[in-house]
Amino acid sequence: MTNAALFIARFLIGFLMIGGAVNKGLGPDGAGELLVAAGLPFWLVWPALAYNLLAGGALWLGIAVRPVAVTAAIYCAVTSFFHLQVFIGQDDPWQLTIFVKNWAIAGGCLALAVAGSGAWAWKPDHPHA
């Protein structure tokens with residue numbers, strides 16, 4: 001049961017990360033506008049896309065799950081603030097939901113960081129899995 005639960009957790013969080021990469025690749029304007037509204041350059045969409053893709057892939061494969069999960073937790077916590085629209089004077093209730101969702105995902109990532117990859121991983125014997 002534990003290995004199955006860890007595999008599913010890795011898959012779901014990885015799916016979210018890869019979905020974020022695909023979303024940024026197909027339509028970078030949404031994420032880019034949030035960055036610009038926060039005073040950051042639009043081009044940061046591209047490193048975010050690369051991080052989403054690499055982190056999601058690592059979680060799917062079970063590679064370096066502990067460090068990847070820690071960085072994903074930090075990523076989710078930091079990016080949550082781009083959805084706190086109060087700071088940029090917009091009123092979109094859905095953005096508050098995304099803000100809270102990002103914190104919940106950060107919590108799931110921290111749980112993965114503690115638990116590791118489980119046995120169902122590309123390299124389950126890797127010391128940082």
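Helix α5 carries a buried face made up of Q95, I98, F99, N102, I105, A106, C109, L112 and A113. Here, buried means under 20% relative accessible area, exposed over 50%, and partly exposed in between, with a 1.4 Å probe and protein chains only. The model is predicted, so local features need pLDDT of at least 70 and side-chain atom pairs count only at pLDDT 80 or more, while totals for chains, interfaces and linings use all residues. Residues are numbered from 1 along each chain as its sequence is written, and side-chain values use heavy atoms, with hydrogens and water left out.

The buried residues of α5 pack against α1, α3 and α4. Helices (H or I, at least four residues) and strands (E, at least two) are DSSP runs, numbered from the N terminus. With 23 residues at 1.5 Å a residue, α5 should span 33 Å, and its end C-alpha atoms lie 34 Å apart, in agreement; the expected span is 1.5 Å times one less than the number of residues. After α5 comes G116, with a positive phi near 80°.

The largest one has 19 residues, of which I13, M17, L59, V68, I105, C109 and L112 touch the most other members. At least two residues of this core come from each of α1 (2–26), α3, α4 and α5, and α4 gives the most, with seven. In soluble globular proteins, nonpolar side chains tend to be buried together.

C109 has a relative accessible area of 0% and is buried. Leaving aside residues up to four places away in sequence, C109 touches I13, A69, A72 and A73, where contact means heavy atoms within 4.5 Å. C76 is buried as well, at 4% relative accessibility. The structure accordingly holds zero disulfides.

Beyond residues up to four places away in sequence, N102 touches C76, T79, S80 and H83. The side chains of N102 and K101 are joined by a polar contact of 2.9 Å.

Notes:
A disulfide is a pair of cysteine sulfur atoms within 2.5 Å. A polar contact is a pair of N or O atoms within 3.5 Å; within protein, one must be able to donate a hydrogen and the other to accept it, and residues adjacent in sequence count only if both atoms are side-chain atoms. A nonpolar core is a set of buried Ala, Val, Leu, Ile, Met, Phe, Trp, Tyr and Cys residues joined through side-chain atoms within 4.5 Å.
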